[in-house]
Amino acid sequence: MSASLIGALIGALIGAGTALVQPHVGQPWSALVNSSSPWLLGGFIAGALHRRRNPAVLAGLATLLVEVGAYFVTADTLNILVMHDYILFWTVCAVAGGPVAGCAGWAWRWGGRRAHGLGAAFLPGSFIAEAFGAYGLRLHYEPGLTMFLLIGTVLFALLAWPGTGLGLIATPARGPVILAWTAAFCVAGIFIYGPLLNTVVGIYSGGVYFPSP
């Protein structure tokens, strides 16, 4: 099965599933279906399935693009109320984030020591950064911050902590390298999820619902 097809299947499941579940969950669980890091997880998984980097990058891109498309198609087909104002923005995010997520998944599982350090840090760094950037700085929503920080910590223990990796790692990186990459992703991610995202969507994104102005 091609890299694009695998990514498309994963993306369709996540995108359609998000649209179906979204109307039925309240705070704080709504944060899980209104945030970026869970969708990046799909691209990461798609990338980790491929031994070669380029197919992994393609799989990550396909996954996130299909996630966006499947989400809005499912919502429109079933008359689920969602915000359509940022379709282009989230598509651009998928184009930017999908290849990175796919490459990170490949690097975590199949890359050499240096590449593995980057891949291992990507998902924990993204969730931790979204915790502080989105739910701390931008939305000021403590339950979301706590939830994403907990998920990021668990992912760090499973994917990044030296000696772990679910038995799937080809060439593990050294602990200090992984910690350095995790810190770098956290710092960059806090800026992206906080000030940068705030300039585009303000506070009307992230599963925390505020009264309309």
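Is Y71 buried or exposed? Select Y71 in this predicted model: its relative accessibility is 10%, so Y71 counts as buried.

**First stop: the aromatic residues around Y71**

The ring centres of W39 and Y71 lie 5.8 Å apart, with the ring planes at 70°. Because an angle over 60 degrees falls in that class, the pair is edge-to-face. Colouring by secondary structure places W39 in helix α2 (residues 37-48) and Y71 in helix α3 (residues 53-77). The pair therefore ties together parts that are 32 residues apart in sequence. W39 has a relative accessible area of 18%; the cut-off for buried is under 20%, so W39 is buried. Over the whole structure, a search returns 8 aromatic pairs.

**Second stop: helices α5 and α7**

Now display α5 (113-138) together with helix α7 (residues 175-201). The two helices pack with their axes 6 Å apart and at an angle of about 35°. Viewed as a crossing, α5 passes α7 in the right-handed sense. The residues of this contact between α5 and α7 comprise 18 nonpolar, 9 polar and 3 charged.

How many disulfides does the count give? The count comes to 0 disulfides. For C93, the closest cysteine sulfur is in C103, at 19 Å, which is too far for a bond. The sulfur of C186 likewise has its closest cysteine sulfur in C103, at 19 Å, and this too is too far for a bond. A disulfide would require sulfur atoms within 2.5 Å. Switching to a surface view, C93 is partly exposed, with a relative accessible area of 28%. C186, in turn, counts as buried, at 12% relative accessibility.

How values were computed
Residues are numbered from 1 along each chain as its sequence is written. This is a predicted model: local features need pLDDT of at least 70, side-chain atom pairs count only at pLDDT 80 or more; totals for chains, interfaces and linings use all residues. Side-chain values use heavy atoms; hydrogens and water are left out. Helices (H or I, at least four residues) and strands (E, at least two) are DSSP runs, numbered from the N terminus. Axes are lines fitted to C-alpha atoms, for helices over the stretch in contact, and angles run from 0 to 180 degrees between N-to-C directions. A crossing is left-handed if the near helix is turned anticlockwise from the far one by less than a right angle, and right-handed if clockwise. Ala, Val, Leu, Ile, Met, Phe, Trp, Tyr, Cys and Pro count as nonpolar, Asp, Glu, Lys and Arg as charged, and the others, Gly among them, as polar. Buried means under 20% relative accessible area, exposed over 50%, partly exposed in between (1.4 Å probe, protein chains only). Rings of Phe, Tyr and Trp (its six-membered ring) pair if their centres lie within 6.5 Å; planes under 30 degrees apart count as stacked, over 60 as edge-to-face and the rest as tilted.
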